[in-house]
Structure formats: C-alpha cells, structure tokens
Amino acid sequence: MPKFTLRINKKTHRINIDADTPLLWVLRDELGYTGTKYGCGRGFCGACTIHVDGEATRSCMTAVDNVDGAEITTIEGLSIDNSHPIQKSWISEEVPQCGYCQPGQIMTAAALLDRNADPDDEDIDSAMKMNLCRCGTYDRIRKAIHLAAKEQK
Amino acid sequence: MSQDFSRRDFLKVSSAVGVGLVISVALPYKERLVAAGVENSFEPNVWIKISPDNKVVITLAKSEMGQGVKTSLPMIVAEELDVDLQKINILQADAHTNNYGSMMTVGSRSVRGGAWLRLREAGATAREMLVSAAAKRWGVRPESCRTENGSVFHDSSKRSLTYGTLTVDAATFKVPKKPQLKDPSQFRYIGKSTVLIDTPEKVSGKTIYGIDVRLPSMLYATVVHPPVFGASVKSFNDREAKKVPGVKKVFKVSLGLAVVAKNTWSAFKGAKALEIKWDNGNFNMDSNDISKSFQDLARKKGVVAREDGDVEKAMKKAKKHMEAIYEVPYLAHATMEPMNCTAHVLKDYCELWAPTQNPQGAQRKAMQLTGFSKDKVKVHVTQLGCGLGRRSRSDFIQDSVEIAMNVDVPVKLIWTREEDMQHDFYRPSTYNLIEAGLDEAGKPLAWNHRVVASPLRGGSANTLDRSAVDGASNLPYDIPNIYVDYCRSDLAVPVGYWRSVGPSQNTFITESFIDEIAYAAEKDPFEYRKKLLKNHPRLLNVLELAAEKSGWGKKLLAGHTMGIAVVEDKGSACAQVAEISIEQSQVQIHRIVCALDCGQVIHPGIVESQTVGSVVFGLTAALYGEINIKEGRVVQSNFHDYPLLGIHEMPDVEVYLVDSNDEPGGAGEPAVPPVAPAVTNAIFAATGKRIRSLPIKSKDLKV
C-alpha cells in the first residue's frame, strides 16, 4: 500500500492507504479530524470543504495522492480557540442551527476573506453558493462574513 | 404505555448525603401527538440535580437537531429555579432504564403541549423547597426570602445561602403541590435571546454528530438496499468487493446487503463492486401511474374528515361553482448528515450511538433484534445533523444493530448520500379534488375537499389518517358548509413525517384555492381572507401584520407582485407575503414577510432562525422539491438532481413575532406551510396562471 506524507494543521502525518482514497476519509477515519463532514461525496454540497495550500477544496473529491506534501488546513486547524475572525463572527451572529454544514461554510468563507478582504454580496454569493445548508442559515452566513470583514479592517 | 397520571404522582424527591437534592419530575402523557402521529407516548421528563458544590445539572431528554432545545429547554427550568443559565450543565439523556417519558422529538412539541408548564413547575418546585430549607435554618418565614442566581437571600437580615448548602435540608420538605410560578413580568431569561449553549463547539468543528463517533477497534460499514421498493436480495457475488483492500465482510441484513470494512471509503468501494441480483417483487410503477391511481381512488367517497352543514345542498344553491385539481410530489428529507448509527453488540449487552429523534424507538428496535431486555440496551443520543422527521424512523438503526450482531467490535454504519436519498420515508405525494360554491356576492357557501394520499400511520382502509388531512380538515375560514374526506392509497413507496407534515402540502392547496375564489369574486385576496377570519383573532392578527409590514396594496416596483397565505399549525399562527417577479420564465423571490404568533416566545433568536429556516425549507420544496418514481425506484440520487436553495437564491426574509404571553405554540414548523402558496399566489398575480402542482415549473411561468 502506498505511503503518503500529509501536512495537516501544521503537523506531519505519515500514512499507508490506497492512492484513490478521498482526503475526506483519510481525515475522518484514519486521523480523527471529524470536523470535516461527509455530505454528498460528489462535490455538490461543500460540507467537506478544507484548505489545500490556502484554497477552499472539496476533500471528498480530492484523492490523497494529489495532496501529498501539500499544506492542509481543516476546521480544527483554522484556530485552536475559535479566534479566527470568521469563527468569531459566526459565534456573534449565532449562525449555526444543526451546524453540520458549518465547518464547510466556515472554511469556504475563511478562504474568501483571505483573497478578498471586503467582499460584497455578489462576491459572497459566488464563493458560497455551492455550500448547501438544509437549515437555511444563509442570511446569517452573509451577515457574519460582512461582520468578519469589518472586524478585520 | 399511555397513562394519564396526575402531576403529583410523578413528583418524587430523594436525597442521599453527599449526593444532594434530586428532584425528578416525570412529565405525564397529555394528549396525542396529533401532528406527528406518535402514539402512546409520554411527555418528556426533566431532571434537576443540584450538588453541594453548587453544580446544577439539567438533563435534556430531547434531541438537538438545530432547533435549539439544548438552550431553550434548560432556559425554562433555569428561569423558575433562579440559577445562572451560563453556569448550568446539560446532560443529554440516554435511552436506557431511566423513565424520561417520551424522548421523541417531533411535531414542534419540545416546548408546547404542556411541556412548558411542567418544565417551569420542575424549576419552581425545586426553588420553593430550597427557600423553605433556608427559611427554616434562619427561623424566618419563607415569604420573607427571595432567590437569585442559585442563592436564597433574606434581605432584612442581610443573610444568604447558596443552593448547594441547602440540598440535603431541602430534600426533607414536602413537594409543593402547586408551586408559585413567576409572573411573565419577572422573567429574566424567557423572552430574551441569550448565547446559544452549543454554538462555540459547532463553530470549532468539535461537536460530535452520529457520523463522528469513534470507538476503539471500530470498523465501518455501509448497506446497499434494493433500488425497487419492496424488493429483496435474490443472490449476490462478492468476489470483486472482497478484492477491495480493507473490506472485511459482506453479508445479508434484513433490509439489504452490508459491507464491513476498515474504513468508510473501503466500505463504499466494496459496496459498489458487489454484483447483486434483486428479486424485484411486483412494484414497478412510475410517477404518472401513481398519479393515475390516485385519480381513480378519488372517484369514490373517502373517509369523512370534516362535515359542517350540507355541502351538497349548498352547492345547488350556489351562483358560482369552482373546481380544481391540485397535486404535490413526494419529497425527500435530505438531512445534511446522511443516516448513520454506531453499534456495539456484546454477548449480553448492546450500546448504540445514534443521531435519532426517537431514542426509545431505537432502543426498542435493538431489543427486538438482539432479544435483550431494556436494561441491556443503551442508546446514546448524539447531535443530529438535521432531523426534519426522517430520524424518527429506525430503519438505519436496524441496519446498524444487525451488522453489529455479526461483528465482534463496534461498527459505524454510514449510508451513502445516494442510499439516503433513495431510501427515505418520503413526504407523501397527494392528489386533491377541491370545489367551492359562491353566492351572488362572491361569498363561499360550500367547500368540498378530497385528499388522496398514502397514510402516515398505518391503520385500515376505513381509518382516517389525520396527518394526511391536517391543514385541510381544519380549514379556518368561516364557510357554513364544509366537507373534507380522505381516500387512502396503499403503495410500496415508504412515506413519513416531513417538517410540518400535513400542512406542508394541504396549506398549498387550501391557500391557493381560497385565492382562486377571491379572484373569482373580484376581491383583494387579503381583504377576502380577512372577512372570512373574523372569528379567528389570532389568524386575523398575523394576516394583518404580514400585510402591513409588507406594504400590501401599495405601489410596487415594476414587474413585482405579491401573494399572501396564512396557516394555523402546531398551535401557532403564521402569515406570509411573498414579493416576486418573473424574469425569463424564472421566478425571482425578492422578499418574504413573515408574521408569526407562537404564543410566549422562549428565545427570540432561536424562533427567528427557525422561522427563516422554515421559509428556506418551504421555498426549496416549492421551487425544486420533487422525488420521481420510475419502474418502482426513486430517480433522484444526490443534490445535483434534488437541489437545495443556495445563498445566491436567498430572498430577504423579515420575521415579525407577535408579543404574547399565551401558551407557547410550535416554532420549528409553522412557517413552512405558507411559503409555497404565498409564492404561487404572487405568481398568479403576475401571470394570471394558477399553479396547481409543485414544484413550480418554468413552463408555468410564461405570461
């Protein structure tokens, strides 16, 4: 079985696993990073979003052999104490309902803020529209992104 | 197990030195769970435990699935108990040997239906006993004491004692039969938004959902269920599946074929590699066949759901007749967290970790399958990644327990999204014949509504399925002659409770048809409804509030139109106005104005988010929701063909809550039903075309 070196949340993990295994299941089953969620397995819902070299990436569609050596960040590594501006604004706007999609929402929003410090509604729509939320928390997500941008200034 | 004890019978106090005061209030079953069809249940229990170190533990016997019970229910207890909400500890109840009453979390019934009062009494009872203990110790009258933040105070002597110091004494007092409850003006928490107890862990990714459970030596599993409803496994070849690295075992379970592996991906890959021959049974209908079968059933009279006056006679007198056919499709729940459960079955003990709305149902299912007694089966309830009614069923529990019975370590079962979508208990598809007779002034004299649907509650051919007619048989309008009946269809397509249940479909029909009548009578649809709701002040009030806040009747932007709808559901009243426009045969939803009277609001922030969420849920159904059946199986499989509303399609949603100290009503469901008719009524105002089946199709939008 092939060996991979994964850099996750600034830690190095060496694992033996099938090369086609999606990163999602490596994170969840092999390494215990369960904050990253399985929603659809086909890149439609965004619940599995993580950062690969700073880019919001669907971990369910990313085979482990594509990220060997890359810098991976999961929700657990975004901050250790909810201190990331997006996490802070998510708390003050009380965004989550069931919360299941929220790690994916947060990771997508954090990547958006990284490349666009002051996104307008259209920017938010185009960055976030593939992150589905069955509870319908979209209005609070929008508010929280604006708030985080404001606080970051 | 249904029993109706008086509250007093349930109040028991026990104390042991060092353990502290434990007051258990088992909450008696009060009325049938009308909306959700849960029979013979008890209302929930609540346990208050105060330790000598001033630790307050409140047990939560309901499942948290985003509706906020983890904050709102302890708030109610903490309010009357007078403890600091931010310092209480919440214990999620297991289904095991303790009697919590029904833990079923459905029908917007966690607060309403008597739980509100009994939770308050649970808190007030404890508080009164603590006050009595302090008063006795000081030699003063209890009335001269007050409580705040977990302490009893005697202001005139400037003395105080914490609850923790009084636990043993307090337990020696008699349980007050009728504890003094706070006047709403004294509420410190209730009616105000506080920080949600579980938000920070959700934002950090630390919340443990069912799918996140990890146990030592655990294996992973998935199940392939027969694509055709009612089918079964005839034979299978697992040679290729077993070649998948990590696959350990393949075997039949009652509902399909299980693959056990060392991780989820191997299990999924193994499942894909299985060659299965199905015995497809005799169900091979398409959606069109189903609709035709409903049409046939509608030709005969059904079971009477409501009969006011004499509809036949009144129809003869009417000056104008109207009739229409309305249809709604099957809908999937599509919770973001697919069905899953972790089970460990030992020789004489079984433990489950389950994201379930029905922990005791899960326990019963496991007892049946293992043959173990109740004390040998424990169900831990995890956070739920949405419930929506889907997780009140125990089919995935059955898969999980049967798998674990074949494996000697704990096993986490995860369904693929495709299995989840194609093996749901769908919101029933229905077919409706509806007619009305109006007098010369356009007032309705008679209303006749026939609902054809599969039952949610079993029963026999002549049983009225109350869930199927909820929202139809309780039509609120003052019409002298009303007849509603129900024709039962028995099909292999499994149906179940779906957020707001009956009203999710019937309100679309009744609120569209009353709109049709208003237009036929050449009246404003808001004014027309108003006249017919004179005797329903609550509904009238929300209707007027929604109209006022939306600017009903005022000039709109060019191309914009409005539609209105109102409903009484789960003890609450909700009216909505939708403002839309049609652009290139697509409906654009600009704004939904929602007025909700759910009685006393516990936590306004939660009610607001539940209401907005309900609007999104209702809009998703109106615009996209459709499960089609082809040759006996579900066509849709994932979010590409069963889409959900996205952030870019989110309209402005305004929520107006009616200020009220009335008995609380439901908050998680009543804003679902009015969305579809408010939108389709607005579409009619724009196009003159009446939409009588959902979801809205672009061909219906051409002017």
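Arg146(B) lies over the face of Phe153(B), 4.5 Å from the ring centre. A charge counts as sitting over a ring if NZ of Lys or CZ of Arg is within 6 Å of the ring centre and within 35 degrees of the ring normal. Arg427(B) also places its charged end over a ring, that of Trp498(B), at 5.4 Å from the centre.

The model is predicted: local features need pLDDT of at least 70, side-chain atom pairs count only at pLDDT 80 or more, and totals for chains, interfaces and linings use all residues. Residues are numbered from 1 along each chain as its sequence is written, chains are lettered from A and ligands numbered from 1 in the order in which they are written, and side-chain values use heavy atoms, leaving out hydrogens and water.

Over all chains, the structure holds 12 aromatic pairs. Rings of Phe, Tyr and Trp (its six-membered ring) pair if their centres lie within 6.5 Å; planes under 30 degrees apart count as stacked, over 60 as edge-to-face and the rest as tilted. One of the pairs joins Tyr38(A) and Phe268(B). This pair is tilted, with 5.6 Å centre to centre and 55° between the planes. The contact crosses between chains. Tyr38(A) belongs to the loop between α1 (23-30) and β3 (49-52) of chain A, and Phe268(B) to helix α7 (residues 264-273) of chain B. Helices (H or I, at least four residues) and strands (E, at least two) are DSSP runs, numbered from the N terminus. Tyr38(A) is buried at a relative accessible area of 3%, and Phe268(B) is buried at 10%. Buried means under 20% relative accessible area, exposed over 50%, partly exposed in between (1.4 Å probe, protein chains only).

Trp116(B) and Phe187(B) form an edge-to-face pair, 6.3 Å centre to centre with 80° between the planes. Trp116(B) is in helix α3 (residues 115-138) and Phe187(B) in the loop between α4 (167-170) and α5 (199-204), so the pair ties together parts of chain B that are 71 residues apart in sequence. Trp116(B) is buried at 6% relative accessibility, and Phe187(B) at 7%. Trp25(A), Tyr38(A) and Phe268(B) make up one aromatic cluster.

Backbone geometry was also examined. Most residues other than glycine have a negative phi, and most peptide bonds are trans. Leu694(B) and Pro695(B) are joined by a cis peptide bond, with omega about -5°. Pro695(B) falls in the segment after α18 (675-687) of chain B. Leu388(B) has a positive phi, near 60°, and is buried at 11%. Ser500(B) has a positive phi near 80° and is buried, with a relative accessible area of 0%.
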